[in-house]
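Colleague: I would like to learn how to read the packing in a model like this one. Could you walk me through it?

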Amino acid sequence: MPKPNSRHPNFPIPGGPDLRAKGWRQEALLRLLENVLCVGEDPENLIVYAALGKAARNWASHKAIVKTLIEMDEDQTLVIQSGKPVALLKTHAKAPLVIMANCNIVGQWAKAEVFYELERQGLICWGGLTAGAWQYIGSQGVIQGTYEIFMRIAENRFGGDLSGRFILTAGLGGMGGAQPLAGRMAGAAILCIDIDAERAEKRKAIGYLEHVAPDLDAALAMIDQAVKEKRATSIGLVGNAAVIYPEIAKRGIVPDIVTDQTSAHDLVYGYVPKGMSLQEVRRLRVDGQGQLMAASRASIVDHVKAMLEFQAKGAEVFDNGNLIRTHARDGGVANAFDIPIFTEAYLRPLFARAIGPFRWMALSGEESDIARIDDLLLEMFPDNRIVTNWIRLARAHVPFEGLPARIAWLGHGERTALAVAVNALVASGELKGPIAFSRDHLDAGAMAHPNIMTERMKDGSDAIADWPLLDAMLLCSSMADLVVVHSGGGGYAGYMTSCGVTVVADGTADGAERLSHALTNDTALGVIRYADAGYEESLDEIAKKGIGYVAVG
Ligand code: NAD
């Protein structure tokens, strides 16, 4: 039975034992499509997160996808082109049920303006990373990544402890909304600016943000008090980051850590320039895109200059994956890239071993299924400090949104072992329903993004997009249930290509085979991608785990 969804009443949360589709694999993908809208930012417009990241091209396409998933057989494959279903073809029961290509535009044409025009004509849509691939699980999807970044900074600079430390950031949207909770879990006092009061209230309502301050003075006083008491807290403030950051700098206040997760990647549909109301921005999105792009870029210049000022005064400043440095540099801030990207600065040693944001969703809709898998993880990986620490924290702090889900950064072999063990629990009836396994596209072998994931790779291979394409082909050959290739849309047009995968633990022997092949080969390619670029950790992982790397020369 679906459950009511207080945040979006028209989008009930799927669940229960009854199937609408002909099998659990199809039903699973249908529930995941429903789920990304349940937990999305603006489901009435099919928008899941990151300003324009959509679950389907339009409502007609959505309807056709739902109908097809319900009616299709296990030996068929549904083909989706930028959120529109275009074919249902006979393949075989070990082939993917769904393959997708979203927003892939030929090189010279892959520009924001071309994307907007194609989108306006209804020919394309952007799937974000996990939106169009029906893998988004709400703010939890990035929360461990954000938490691990804060903890790496704690270890590198603050004796392993962020208590009594002040984090300044902005953006309380679909992904950025994870920041206040991640900061609080890391023990810090975190201030999050968002221009949209509704977004701040939403994060408060779902338990990710503790307080919304009435103004900057009050916000800074609350932070100051928490810092003095070494008390973890999260404070939201409604305002424009391009105004608030420089104002904080002007007052001579230097936070310990500064970042930003506004949707700065999209100068039209994402970022809000200073001095403009949300209504004005919405109007210009329709008939003043050029003006809006110029105003956004000018604001980002001020925003990033303040970040650089904090950096010069000793703050730990990093780019949180939203192209803010790129737009600032284009706007004339020559040293914008003095700010490091989070992947290279903090997470690359993990990615080099293909340890990344793995996640699973309880298709039954029952939280007890996630709790059982939490226990299983603690039993299976008692010596993995990242995992055990995270699961204990997540249990205590991370509220569920939509289908109960969990994320944990696991690597090669670990993902497969967990998924196969979970499949056995589904088979034995210990879980109330099947579990879908997936991961963020920001994963070792799955993403080429020279300003985020692959910035400053050891061998200079930053812009080579062969790896995510190879990953997708490998996953199709490895019995995954859903495989997708995404490229950037909006502000990300021309900036990235990524691959996504979903595999369903339905409790069958075939399910175990699918999980085993797909998850093992996915992380194997991830380790190989970094080994090929010369990372020592990857060569070590290959030797230790017997990964089939073909070393040339
Ligand atoms: P979103 O569109 O859901 O939310 C963006 C938020 O920024 C909105 O709440 C908006 O009101 C706010 N905002 C825009 N301009 C502002 C300004 N000038 N001042 C204050 N607030 C402003 O986007 P999201 O899904 O939260 O993603 C945010 C960014 O993070 C995107 O660029 C996205 O691509 C990127 N991202 C990074 C990672 C990662 O792994 N680090 C993961 C996902 C998304």
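**Reading helices, sheet and domains**

Modeller: Let's start with a pair of helices: α4 and α12 are roughly perpendicular to each other. Keep in mind as we go that this is a predicted model.

Colleague: What angle lies behind that for α4 and α12, and how far apart are their axes?

Modeller: Two packed helices are described by the angle between their axes and the distance between the axes. Here α4 (residues 140-157) and α12 (residues 342-351) pack at about 95°, and their axes are 10 Å apart.

Colleague: Which residues make the contact between α4 and α12?

Modeller: From α4 come Glu148, Ile149, Arg152, Ile153 and Asn156, while α12 supplies Phe342, Tyr346, Leu347 and Leu350. Sorted by class, the contact of α4 with α12 has six nonpolar, one polar and two charged residues.

Colleague: How do α9 and α10 pack, in terms of angle and axis distance?

Modeller: Helix α9 (residues 278-287) packs against helix α10 (residues 289-312) at about 125°, with the axes 6 Å apart. The two are therefore oblique to each other. On the α9 side the contact uses Val281, Leu284, Arg285 and Asp287, and on the α10 side Gln289, Gln291 and Leu292. By class, the residues of this α9 and α10 contact are three nonpolar, two polar and two charged.

Colleague: And at what angle do α13 and α14 cross?

Modeller: Helix α13 (residues 367-380) and helix α14 (residues 385-397) cross at roughly 155°, and their axes come within 10 Å. That makes α13 roughly antiparallel to α14. The crossing of α13 past α14 is left-handed. In α13, Ala371, Asp374, Asp375, Leu377 and Leu378 take part, meeting Val387, Thr388, Ile391, Arg392 and Arg395 of α14. Five nonpolar, one polar and four charged residues make up the contact of α13 with α14.

Colleague: Now the sheet, please. In what order do the six strands come?

Modeller: The order is β8-β9-β7-β6-β10-β11, in an open sheet with parallel pairing. At the edges sit β8 (211-213) and β11 (316-317), each of which pairs on one side only.

Colleague: How many bridges join β7 to β9?

Modeller: Six bridges connect β7 (residues 189-194) with β9 (residues 233-238), and these strands run parallel.

Colleague: Which strands does helix α7 lie across?

Modeller: Helix α7 (residues 216-228) lies across β6 (166-170), β7, β8 and β9, and runs at about 160° to β7. Helix α8 (residues 241-250) also packs on the sheet, where it touches β6, β7, β9 and β10 (257-258). The direction of α8 makes about 155° with that of β6.

Colleague: Last topic: where does UniProt place the domain "Urocanase Rossmann-like"?

Modeller: That unreviewed UniProt entry gives it residues 138-346. Over residues 138-346 the chain is 49% helix and 11% strand, and the end C-alpha atoms are 23 Å apart. The UniProt record (unreviewed) also lists "Urocanase N-terminal" at residues 17-134. Residues 17-134 are 31% helix and 19% strand, with end C-alpha atoms 20 Å apart. Finally, "Urocanase C-terminal" is placed by the unreviewed UniProt entry at residues 349-542. That span, residues 349-542, is 45% helix and 18% strand, and its end C-alpha atoms lie 14 Å apart.

Note on methods
Residues numbered from 1 in each chain as written. Predicted model: local features only at pLDDT ≥ 70, side-chain atom pairs only at ≥ 80, totals over all residues. Heavy atoms only, no water. UniProt positions renumbered as here; feature names shortened; annotations may be inferred. Helix = DSSP H or I, 4+ residues; strand = E, 2+ residues; numbered from the N terminus. Pairing = 2+ DSSP bridges. Contact = heavy atoms within 4.5 Å. Axes fitted to C-alpha atoms, helices over the stretch in contact; angles between N-to-C directions. Parallel < 35°, antiparallel > 145°, perpendicular 65-115°, else oblique. Left-handed = near helix turned anticlockwise from the far one by under 90°. Nonpolar A, V, L, I, M, F, W, Y, C, P; charged D, E, K, R; others polar.
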